[in-house]
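These are my notebook entries on one structure, written down in the order in which I looked things up.

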Amino acid sequence: MKKDIQQGTKAVWAGEKEYLAHGATQVPVVLSVAYGYDDMDDWYNVAIGKKKGHIYGRNTNPTVQAFEDKVKVLEGAEAATSFSTGMAAISNTLATFLVPGDRIVSIKDTYGGTNKIFTEFLPRQQIEVVLCETGNHEQIETEVAKGCNILYLETPTNPTVKISDIERLAKAGHNAGALVVVDNTFATPINQNPLSLGVDLVIHSATKFLGGHADALGGVVCGREDLIEKIYHYREINGATMDPMAAYLMLRGMKTLHLRVRQQCKNAMELTNYLKTKEIVEGVYYPGLETHPLHEIAKKQMKDFGGMLSFSVKGGVDTVRHLLPKLQFANRAANLGAVETTVGPARTTSHVECTPEERAAMGIPEGLIRVSCGIEEIEDIIADFEQAFNYVRSALEV
Ligand SMILES: *Cc1c(COP(=O)(O)O)cnc(C)c1O
């Protein structure tokens, strides 16, 4: 698809045509595990990758490929490969390239599961992991310059929406000969395209905004063809393959990605402005706030500031316990990026794997509430928060 086509048009059309069958206008869900061949030479040529086609579902599947193609076009990548979950995309990507003795530099605020890979699993394979203060670009540059095989970033981060300057850090990474990887889940390809800012690989938990309906798990990695081929090979052998039904739900969800994200960004900005006026709210974290310490970087590299925000409340966990059950139009759940507004404390969602001490070290207050804005009408969401705050004020006198 041509470069000057807008993202929203790509979200609807990209990646599908090649996979349509029998005149259908929608990509079919191909559940077949294996693909049969009468011609032994054909079979052989497909098997060794000399000819296009499918052999076995752990390797490739037409529905899954249509999903990969759509993401590839939206991220402006040469290639993409997909996974059963976002964490599989992350762990398989790291495992493809890291060997004992390597050094990986990242930030303290990565997604909780990613953080666990860094603190629990990589060190026991003799891989050195250095986690820098998120947003401290000088520290990251210094650590990268000391030697770095992979520079791993996530921006905005979960749950305090800190920002890393992708272009600046990609340069630092490449100067050190590192592979630069960005988890783009929070921004979505609608708001941010890290490949155009110089990184090598972009990862998404497709479970979140790409799918958008909290009904399918998936992950995807995009980038240069030679890199994606290596990651694909690791995944086809190790087996964290995306399910065809999940791929279909992702494809269907992504057709409205631009519309959903547009509304989610608008809702996030308006909810932020409302929360700022509430006395019970101690702090609001949203990269669209001009007072956000890394706002200027966000403005430079993002088209809009995303659907994720967080805020902390006076009275900590006790306030959270009273406030959240009162919300009528919000799921109290661990996911994000869905059409419904979703709320949860970091201690039970993004950073449930961490101890309170680890969370404190990451600057995540126990009374922090993460909000993934949905696509509802914002007036109703604000009214909902208003009545919940009123209830808490009378119940707890805070
Ligand atoms: C959810 C999430 C992941 C992990 O994705 P799963 O699909 O749950 O495995 C990784 N990174 C970020 C930023 C996420 O929000």
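**Entry 1: the ligand**

I began by asking how many Å separate an oxygen atom of the ligand from an N or O atom in the side chain of Thr207. I found 2.6 Å for this pair, which falls under the definition of a polar contact (a pair of N or O atoms within 3.5 Å; within protein, one must be able to donate a hydrogen and the other to accept it, and residues adjacent in sequence count only if both atoms are side-chain atoms).

Before going on I noted that the model is predicted, that local features need pLDDT of at least 70 and side-chain atom pairs pLDDT 80 or more, while totals for chains, interfaces and linings use all residues. I also noted that residues are numbered from 1 along each chain as its sequence is written, and that side-chain values use heavy atoms, with hydrogens and water left out.

The shell around the ligand holds 15 residues, and the closest are Gly86, Met87, Asp183, Thr207 and Lys208; a residue is near the ligand if one of its heavy atoms lies within 4 Å of it. I sorted this shell into five nonpolar, seven polar and three charged residues, counting Ala, Val, Leu, Ile, Met, Phe, Trp, Tyr, Cys and Pro as nonpolar, Asp, Glu, Lys and Arg as charged, and the others, Gly among them, as polar. Helix 4, residues 86-97, gives the most to the shell, with three residues; helices (H or I, at least four residues) and strands (E, at least two) are DSSP runs numbered from the N terminus.

**Entry 2: salt bridges**

I found 19 salt bridges in the structure, each being a side-chain nitrogen of Lys or Arg within 4 Å of a carboxyl oxygen of Asp or Glu. In one of them Lys51 meets Asp42, with the closest N and O atoms 3.0 Å apart. Lys51 is partly exposed at 41% relative accessibility, and Asp42 is partly exposed at 25%, since buried means under 20% relative accessible area, exposed over 50%, and partly exposed in between (1.4 Å probe, protein chains only).

I then turned to Lys278 and Glu386, which form a salt bridge with their closest N and O atoms 2.9 Å apart. Lys278 lies in the loop between helix 11 (257-276) and strand 8 (281-285), whereas Glu386 lies in helix 15 (residues 378-396), so the pair ties together parts that are 108 residues apart in sequence. Lys278 counts as buried at 13% relative accessibility, while Glu386 is partly exposed at 28%. I also noted a network in which salt bridges that share partners join Arg103, Glu128, Glu143 and Lys146.

**Entry 3: a sheet**

Which order do the strands take in the open sheet of five? I read the order as 8-9-12-11-10, with mixed pairing; two strands pair if DSSP finds at least two bridges between them. Strand 8 and strand 10 (331-332) stand at the edges with a single partner strand each, so one side of each is left without a neighbour in the sheet.

Strand 8 pairs with strand 9 (residues 308-313) in the antiparallel sense over four bridges, and Gly283 stands opposite Ser312 in strand 9. Strand 10 and strand 11 run parallel and are joined by two bridges, with Asn331 having Thr342 as its bridge partner in strand 11. Strand 11 and strand 12 (residues 368-372) run antiparallel and are joined by four bridges, and Val343 has Val371 as its bridge partner in strand 12.

In a regular strand the side chains alternate between the two faces of the sheet. In strand 11 (residues 342-345) I found Thr342 and Gly344 pointing one way and Val343 and Pro345 the other way, and all are buried.

**Entry 4: two loop residues**

Asn61 lies in the loop between helix 2 (40-47) and helix 3 (62-75), and at 4% relative accessibility Asn61 counts as buried. The side chain of Asn61 reaches the backbone oxygen of Val30 at 2.8 Å, and a polar contact of 3.5 Å joins the side chains of Asn61 and Tyr35.

Pro159 is in the loop between strand 4 (150-154) and helix 7 (166-175), and is buried at 1% relative accessibility. The C-alpha atoms of Pro159 and Ser310 are separated by 6.4 Å, although these residues are 151 residues apart along the chain.
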